[in-house]
Amino acid sequence: MARQKIGELLVQNGILTDEQLNRAVRFQSQANCLLGEAVVRMGFATEEAIAVTLSKQLGIPYASIENQILKPERDQSLEKVVSEKFARDHCILPLFLENGTMVVAMADPMNVVVLDNLKLLSGMEIQPFIATRAQILRTIDEFYTGGSRNLIDKAMEVSSAPGKEGDIDLEMDSVEEKLDLDKVVAKAQGAQVVGLVNAVLKQALSERASDIHLENYDERVSLRFRIDGVLYERSAPPKDTVVCIISRIKILSKLDIAERRLPQDGNFAVKLQNRTVEIRVSTLPTVFGEKLVLRLLDKGAVELNIEKLGFEPLQRECFLKAAKYPHGLIFLTGPTGSGKTTTLYSVLNTIRTPEKNFLTVEDPVEYKLSGINQVQVKPQIG
């Protein structure tokens with residue numbers, strides 16, 4: 001009996017409509033990704049729903065934090081069998097060894113290349129389990145630190161410890177927060193909040209995230225990292241620290257911490273491992289408080305090489321041919337984190353020569369290129 005296709009199962013189980021499936025299939029062919037990934041990126045279903053459906057379709061066990069299967073054995077030296085880099089690069093997690101077989105959680109258990117590499121690497125047979133990308137990455141953070149939690153969790157543990165210097169109470173009102181700005185500034189510059197902000201930034205950079213979203217809701221806080229264009233949940237800070245975290249970011253960005261009813265934009269830079277990372281900051285007032293978005297511009301993580309952008313040979317040839325014309329227009333569009341800016345900078349980096357004059361108009365200038373005259377748009381001065 002032929003195995004039922006994942007799309008048919010998603011429709012059959014009421015997760016997708018026929019129209020959503022057709023749209024996801026079209027998106028899949030354009031984005032060159034798996035159908036399940038296309039469905040998640042379009043917002044039609046959650047990672048968990050896709051993973052459970054794939055588990056049924058493929059007959060592969062489903063592992064999650066909730067069912068306590070996504071929990072590596074700590075006394076089998078699994079971290080020596082599969083390195084952290086390999087686990088992160090391929091989004092896999094070794095779970096346990098049994099009778100010469102290694103059980104591994106994978107976001108894509110049908111990736112035969114990774115399965116073959118794991119077999120060669122470990123010298124064992126591989127039994128794949130399926131899990132969501134977000135939960136695998138979260139568990140990797142916990143497992144490959146000698147049993148300690150990830151940077152964010154450890155920073156939260158320090159900041160929530162009782163009796164620490166700099167703790168203040170913020171009184172809440174049913175309409176808006178009544179804040180003593182001096183206290184907020186003191187808290188924002190305290191060691192606990194500074195450590196928490198630093199931990200979030202380091203964690204995001206280690207996962208090669210392009211954006212950080214911090215959102216305040218009625219009963220919870222959401223912290224998400226955008227990785228390869230997709231937002232993934234991460235351990236969120238305590239709700240009572242959000243105002244101070246946002247104030248800390250505002251102080252770094254030279255924004256007005258007293259202004260919480262208007263959107264604000266700013267930027268600052270941090271140094272990490274001998275490289276400078278520029279960070280664009282946007283705040284937006286919502287009904288539950290301010291939303292914070294950070295765009296991480298890590299030049300060290302971006303290689304401006306058009307050969308490595310995934311173009312088909314004919315596409316690359318046509319694109320470069322169009323870019324070399326002395327006049328005309330290239331219209332480039334796509335969702336946040338899809339690589340629009342990287343593509344344009346890579347083209348400029350490829351076609352620039354000393355014999356020609358290059359001038360860009362940008363808002364904002366994200367990367368500074370040698371030999372290119374880049375102009376920052378400033379509408380406030382005309």
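Me: Which cut-offs stand behind the words buried and exposed?

Reply: Buried means under 20% relative accessible area, exposed means over 50%, and partly exposed lies in between, with a 1.4 Å probe and protein chains only. The model is predicted, so local features need pLDDT of at least 70 and side-chain atom pairs count only at pLDDT 80 or more, whereas totals for chains, interfaces and linings use all residues. Residues are numbered from 1 along each chain as its sequence is written, and side-chain values use heavy atoms, with hydrogens and water left out.

Me: What is the order of the three strands in the open sheet?

Reply: Two strands pair if DSSP finds at least two bridges between them. Here the order is S1-S2-S3, with mixed pairing; S1 and S3 (125–130) stand at the edges, each with a single partner strand, so one side of each has no neighbour in the sheet. Six bridges join S2 to S3, and these two run parallel, with Glu-125 in S3 as the bridge partner of Thr-101.

Me: Where does Asn-99 lie, and is this residue buried or exposed?

Reply: Asn-99 lies in the loop between S1 (92–98) and S2 (101–106), and is exposed, with a relative accessible area of 76%. Although not a glycine, Asn-99 has a positive phi of about 55°.

Definitions and conventions. Helix = DSSP H or I, 4+ residues; strand = E, 2+ residues; numbered from the N terminus.
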